[in-house]
Amino acid sequence: MFFDTLQALCDEKGIAMSALLDQVGMSRGNIARWKATDNPPKPATLIKLAEALGVDRKRLERAAESQEAETEMSAHDILDDVDIAFYGEYKELSEDDKAVLRDMVRVMRDRRAKKKQEE
């Protein structure tokens, strides 16, 4: 996960994560968010952190991408419990409906990743 990689890099460099965030002008609240959620930082933030640590940004990008991949793999679990209204009638999603939603999520994530790369 991203948090673990960042913590290991901070330990390696002998800097507290809170001091690192202070150095790059970020709120310390990000530490708890990165530790507790599946949302890694945006590419611009990864660059700032990598520069402050004096490491190749690819190390942080790989950790962030790995975390996003783990989140995507768990998407089916979320859909298994989702009920939705179709044609004015409330019913449980069929397996075909779930497959369509998973495909839509993959397309949106691919577009988001492509857009991040273009930034």
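Among contacts in the protein between residues at least 6 apart in sequence, what percentage join residues at least 24 apart? The figure is 54%, where a contact means heavy atoms within 4.5 Å. The model is predicted, so to speak of local features a pLDDT of at least 70 is needed, side-chain atom pairs count only at pLDDT 80 or more, and totals for chains, interfaces and linings use all residues. Residues are numbered from 1 along each chain as its sequence is written, and side-chain values use heavy atoms, with hydrogens and water left out.

The protein has 7 helices and 2 strands, arranged along the sequence as α-α-α-α-α-α-β-β-α. These elements are DSSP runs numbered from the N terminus, helices being H or I with at least four residues and strands E with at least two. Of the 119 residues, 28% count as buried. Buried means under 20% relative accessible area, exposed means over 50%, and partly exposed lies in between, with a 1.4 Å probe and protein chains only.

The largest nonpolar core holds 20 residues, and Phe2, Leu6, Leu21, Trp34, Leu49, Leu53 and Leu60 touch the most other members. At least two residues of this core come from each of α1 (2-13), α2 (17-23), α3 (29-36), α4 (43-53) and α5 (57-73). The most come from α1, which gives 5 residues. Such a core is a set of buried Ala, Val, Leu, Ile, Met, Phe, Trp, Tyr and Cys residues joined through side-chain atoms within 4.5 Å. Leucine 6 touches Met17, Leu20, Trp34, Leu49, Leu53 and Leu60, leaving aside residues up to four places away in sequence.

After α4 comes glycine 54, with a positive phi near 70°.

Two residues of helix α3 can be set side by side. Asparagine 30 is in α3 and counts as buried at 10% relative accessibility. A polar atom of the asparagine 30 side chain lies 2.9 Å from the backbone oxygen of serine 27. Arginine 33 is also placed in α3, but is partly exposed, with a relative accessible area of 38%. The C-alpha atom of arginine 33 is separated by 9.2 Å from that of phenylalanine 3, 30 residues apart along the chain.

In helix α5 lies glutamate 61, which is buried with a relative accessible area of 13%. The side chain of glutamate 61 makes a polar contact with the side chain of arginine 57, at 2.7 Å. A polar contact is a pair of N or O atoms within 3.5 Å; within protein, one must be able to donate a hydrogen and the other to accept it, and residues adjacent in sequence count only if both atoms are side-chain atoms.

Among the 14 residues that line the second largest pocket, Pro40, Pro41, Lys42, Pro43 and Lys116 lie nearest its centre. Helices α3, α4 and α7 (95-118) each supply at least two residues of this lining. On a 1 Å grid over the protein atoms alone, a pocket is an open set of points where a 1.4 Å probe fits, with protein on both sides within 12 Å along at least five of seven lines, and lining residues have an atom within 4 Å of a point.
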